[in-house]
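Subject: Structure handover

Hello,

Here is the structure I promised to pass on.

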Amino acid sequence: MNAEKKTECTAFFKSVMDQDRCAIVLCNLQHEIVYMNPAAMKRYVKRGGEELTGQSLLNCHSAESAEKIRSVIQWFADSREHNLVYTFRNEKENKDVYMVALRDDGGELIGYYEKHEYRDAETMKQYDLW
């Protein structure tokens with residue numbers, strides 16, 4: 001892929017993340033937050049919001065949670081087939097939460113993110129453009 005196409009592709013991926021209504025926080029293998037979408041900045045505003053970018057995700061978790069995160073990252077690294085782990089259920093928000101591996105074009109682990117899947121039925125009308 002040439003540089004121009006790669007740049008265009010990057011813009012598309014960023015737009016997908018920016019439009020997602022769920023919080024997306026991308027981390028590198030040193031657990032540094034490298035990107036937060038607008039929903040994440042809003043969700044974590046009391047913890048610093050956008051200012052969390054560049055900081056360690058582990059600082060936002062208990063020692064027990066940090067150890068679990070490290071264990072999942074090791075599991076991701078053990079096999080290119082290891083890419084998704086269910087981490088918890090949030091009944092109050094009716095959602096399931098997962099950790100997802102991020103891999104480069106060659107399949108090498110480059111980071112991870114937390115994926116929230118809400119289970120509420122959509123209230124928006126279908127194709128309501130007006």
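This is a predicted model: local features need pLDDT of at least 70, side-chain atom pairs count only at pLDDT 80 or more; totals for chains, interfaces and linings use all residues.

Residues are numbered from 1 along each chain as its sequence is written, and side-chain values use heavy atoms, with hydrogens and water left out.

**The sheet**

Five strands form an open sheet in the order S2-S1-S5-S4-S3, with antiparallel pairing. Strands are DSSP runs of E, at least two residues; helices are runs of H or I, at least four; both are numbered from the N terminus. Two strands pair if DSSP finds at least two bridges between them. Strand S2 (33–36) and S3 are at the edges, each with a single partner strand, so one side of each has no neighbour in the sheet. From one strand to the next, the twist averages 20°.

S1 (residues 25–28) and S5 run antiparallel and are joined by three bridges. Asn-28 stands opposite Gly-111 in S5. Cys-27 has Tyr-112 in S5 as its bridge partner. Tyr-112 is also the bridge partner of Ala-101.

S4 and S5 pair over nine bridges, again antiparallel. They form a hairpin with five residues between them. Gly-107, in the turn, has a positive phi of about 90°.

**The helix on the sheet**

Helix H3 covers residues 63–78.

Ala-66, Ile-69, Val-72, Ile-73 and Phe-76 are the buried residues of H3. Buried means under 20% relative accessible area, exposed over 50% and partly exposed in between (1.4 Å probe, protein chains only). Down the axis of H3, the buried residues fall within an arc of 120° (directions from the axis to the C-beta atoms), so they line one face of the helix. On the other side, Ala-63, Glu-64, Lys-68 and Asp-78 are exposed.

What do the buried residues of H3 pack against? They pack against strands S3 (84–90), S4 (95–103) and S5 (109–118). Contact here means heavy atoms within 4.5 Å.

**Aromatic pairs**

The whole structure holds two aromatic pairs (ring centres within 6.5 Å, using Phe, Tyr and the six-membered ring of Trp). In one, the rings of Trp-75 and Phe-76 have centres 5.9 Å apart and planes at 50°, so the pair is tilted. Planes under 30 degrees apart count as stacked, over 60 as edge-to-face and the rest as tilted. Trp-75 is partly exposed, at 33% relative accessible area, whereas Phe-76 is buried, at 0%.

Best wishes

Key
The expected span of a helix is 1.5 Å times one less than its number of residues. Axes are lines fitted to C-alpha atoms, for helices over the stretch in contact, and angles run from 0 to 180 degrees between N-to-C directions.
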